[in-house]
Amino acid sequence: MTVATYPYRCAVCGPFEVRRPIGEAAVTEECVGCGEPAVRVYTPPMLARTAPALVRALDAERASAHEPQVTQRVPARPKRPAPPPDPRWAKLPRP
């Protein structure tokens with residue numbers, strides 16, 4: 001059973017949260033402090049985005065689950081970036 005946290009606002013005590021199974025939250029709930037009826041506050045769902053690198057890895061895993069990619073040759077070695085220029089060169093006079 002999955003449980004969610006639902007926010008409520010009491011006119012006397014202020015905001016508080018109640019944990020209930022998903023879909024079983026009432027429109028009003030008894031305040032935990034004073035016992036008065038409190039109104040449920042509707043908020044956007046707490047959704048998280050998956051990192052793009054993880055999405056690419058999962059997509060590649062799903063694509064190769066039944067038909068793995070066949071390699072015809074050894075992949076080329078990645079090129080090394082050029083070393084940064086010597087900072088002392090910046091002090092030389094320019095034409």
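Are Tyr8 and Phe16 buried or exposed? Both Tyr8 and Phe16 are buried; buried means under 20% relative accessible area, exposed over 50%, and partly exposed in between, with a 1.4 Å probe and protein chains only. The legends below describe a predicted model, in which local features need pLDDT of at least 70, side-chain atom pairs count only at pLDDT 80 or more, and totals for chains, interfaces and linings use all residues. Residues are numbered from 1 along each chain as its sequence is written, and side-chain values use heavy atoms, with hydrogens and water left out.

**View 1. The sheet has four strands in the order β2-β1-β4-β3.**
The 4 strands form an open sheet with antiparallel pairing. Strands (E, at least two residues) and helices (H or I, at least four) are DSSP runs, numbered from the N terminus. Two strands pair if DSSP finds at least two bridges between them. β2 and β3 (28–30) are the edge strands, each pairing on one side only. From one strand to the next the twist averages 40°; axes are lines fitted to C-alpha atoms, for helices over the stretch in contact, and angles run from 0 to 180 degrees between N-to-C directions.

**View 2. β1 and β2 form a hairpin.**
The two strands have 3 residues between them and pair in the antiparallel sense over 8 bridges. Tyr6 has Val18 of β2 as its bridge partner. Tyr8, which lies in strand β1, stands opposite Phe16 in β2.

**View 3. Tyr8 and Phe16 form a stacked aromatic pair.**
The structure holds 1 aromatic pair. In this pair, Tyr8 and Phe16 are 5.9 Å apart centre to centre, with 20° between the planes. Rings of Phe, Tyr and Trp (its six-membered ring) pair if their centres lie within 6.5 Å; planes under 30 degrees apart count as stacked, over 60 as edge-to-face and the rest as tilted. Tyr8 has a relative accessible area of 1% and is therefore buried.

**View 4. The largest nonpolar core has 9 residues.**
Its members are Ala4, Tyr6, Tyr8, Cys10, Phe16, Val18, Ala25, Cys31 and Ala38. A nonpolar core is a set of buried Ala, Val, Leu, Ile, Met, Phe, Trp, Tyr and Cys residues joined through side-chain atoms within 4.5 Å. β1 (3–10) and β2 (14–21) each supply at least two residues of this core. The largest share, 4 residues, comes from β1. In soluble globular proteins, nonpolar side chains tend to be buried together. Leaving aside neighbours within four places in sequence, the core residue Ala4 is in contact (heavy atoms within 4.5 Å) with Val18, Arg19, Arg20 and Ile22.

**View 5. β4 pairs with β1 and with β3.**
β1 and strand β4 (residues 37–40) pair in the antiparallel sense over 2 bridges. Arg9 has Val39 of β4 as its bridge partner, and Tyr8 stands opposite Arg40 in β4. On β3, 3 bridges join that strand to β4, and the two run antiparallel. Glu30 stands opposite Pro37 in β4. The hairpin of β3 and β4 has 6 residues between the strands, and Gly35 takes a positive phi near 85° in this hairpin.

**View 6. Arg40 is placed in strand β4.**
Neighbours within four places in sequence aside, Arg40 is in contact with Tyr6, Pro7, Tyr8, Ala25, Ala26 and Val27. The C-alpha atoms of Arg40 and Ala11 are separated by 11 Å, while the two residues are 29 residues apart along the chain.

**View 7. A UniProt annotation covers residues 5–43.**
The unreviewed entry gives this stretch as "domain: Putative regulatory protein FmdB zinc ribbon". UniProt positions are given in the numbering used here, feature names are shortened, and annotations may be inferred rather than shown by experiment. Over residues 5–43 the chain is 0% helix and 54% strand, and the end C-alpha atoms are 11 Å apart. Tyr8 and Pro78 are 70 residues apart in sequence and 56 Å apart in space, C-alpha to C-alpha.
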